[in-house]
Amino acid sequence: MILGALVATALSSILLAFGATIGLGISSTAPTWRDASAALWILSGLYLIIQAALSFGVGGYLAGRTSVGLAASDSTEIEHRDGLHGLAAWALAVVLGVALAALLGSATLTRSSNNVFSARTSAAEPLLSYEIDRLFRPSRRPANVDLSQERAEAGRILLTSSSHSGMSSEDRSYLAQLVAAATGLAGPDAEKRVDGVIASSQSAIAKSRRSSVILAFSVAAALLLGAVIAWAAAGIGGRHRDGAPMPHWMGAHGSGGAYRREVA
């Protein structure tokens, strides 16, 4: 069981890294991920499901193949025990995968938050960094100007543009004043830039929500399918361990009745 879980986790990590390398990602930190077509999103989701099926299938098979056989002649009981071994390997692999992802995410956040105060950061930066860049893009700026606090405040305001009521007129006016003070633009030019950035932010947030829904659905489908495949693969591994015939749904030919296995 433990061997199957470790193999499933390792194989899943390798396949996910390979998918990310060739560009099968539903979202990314780069602004260009928003230009991805719906076909790429669907393909990425399908790849996530396929890699989970393959990983958990191999892990479940190893869990069933390496488990200790029962000294019983009831084939149904043996299959259930093997299936439970595969399901346990699936559960352990999921826990290991979540722990590994949390560890990597925590390390990334720790590195990125070094020497940065919370008042100067915003949750909008990873998502709307390009829009915030456009918002404070000046024609001329003195060297060594720190706009981190203004960027963080603007990012928090831009996040409100995705609400049902949209950005309030007060926030829009304040944002225009903030841009005018930081870039030196005239009032009408600052308001025009703010309106354009607000529209872009709404589009970016909507696409991010869609990709999050696709990602969540793909992960849920992959995990549920992985549990079923791990159960079935463990049963196949147990049959190979005992020298029993394969199930009829795999195309194996037999008498059609229930078989009995004798395990020493």
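**Entry 1: helix 4**

I began with what covers the buried residues of helix 4, and found that the cover includes helix 5, helix 6 and helix 7. The model I am reading is a predicted one. Which residues of helix 4 are buried? I noted Leu127, Leu128, Ser129, Glu131, Ile132 and Leu135.

I then looked up Leu135 by itself. Setting aside residues up to four places away in sequence, Leu135 touches Ala154, Leu158, Leu175, Val179, Thr183, Arg193, Val194 and Val197.

**Entry 2: the cores**

Next I turned to the nonpolar cores. The largest one has 21 residues. Inside this core, the residues with the most contacts are Leu128, Leu135, Phe136, Leu158, Leu175 and Val194. Which elements give two or more residues to it? They are helix 4 (125-135), helix 5 (148-159), helix 6 and helix 7 (187-242). Helix 7 gives the most, with six residues.

I also found a second, separate core, which has 13 residues. Trp90, Ala93, Val94 and Ala222 are among them.

**Entry 3: the whole protein**

I stepped back to the fold. I listed seven helices and zero strands. Along the sequence the pattern reads α-α-α-α-α-α-α. The protein has 264 residues, and 33% of them count as buried. I looked at contacts between residues at least 6 apart in sequence; 71% of these join residues at least 24 apart.

**Entry 4: the surface**

The protein exposes about 15100 Å². Carbon and sulfur atoms supply 64% of that area. Helix 1 (2-21) and helix 3 (75-112) each supply at least two residues of the patch.

I checked Leu96, which lies in helix 3. Why does Leu96 count as partly exposed? Its relative accessibility is 30%, so it falls in that class, which runs between the 20% limit for buried and the 50% limit for exposed.

**Entry 5: confidence**

The mean pLDDT of the protein is 79, and 77% of residues reach 70 or more. Confidence is lowest in helix 3, with a mean of 81, and highest in helix 6 (residues 169-183), at 89. Over residues 114-119 the pLDDT is below 50. Beyond near neighbours in sequence, that stretch has four contacts in the model. I marked residues 252-260 too, where pLDDT stays under 50. For residues 252-260 the model has ten contacts beyond four places in sequence.

Note on methods:
Residues are numbered from 1 along each chain as its sequence is written. This is a predicted model: local features need pLDDT of at least 70, side-chain atom pairs count only at pLDDT 80 or more; totals for chains, interfaces and linings use all residues. Side-chain values use heavy atoms; hydrogens and water are left out. Helices (H or I, at least four residues) and strands (E, at least two) are DSSP runs, numbered from the N terminus. Buried means under 20% relative accessible area, exposed over 50%, partly exposed in between (1.4 Å probe, protein chains only). pLDDT is the predictor's confidence in each residue, from 0 to 100. Contact means heavy atoms within 4.5 Å. A nonpolar core is a set of buried Ala, Val, Leu, Ile, Met, Phe, Trp, Tyr and Cys residues joined through side-chain atoms within 4.5 Å. Accessible areas come from the Shrake-Rupley method with a 1.4 Å probe; for residues, only the protein chains shown count as cover.
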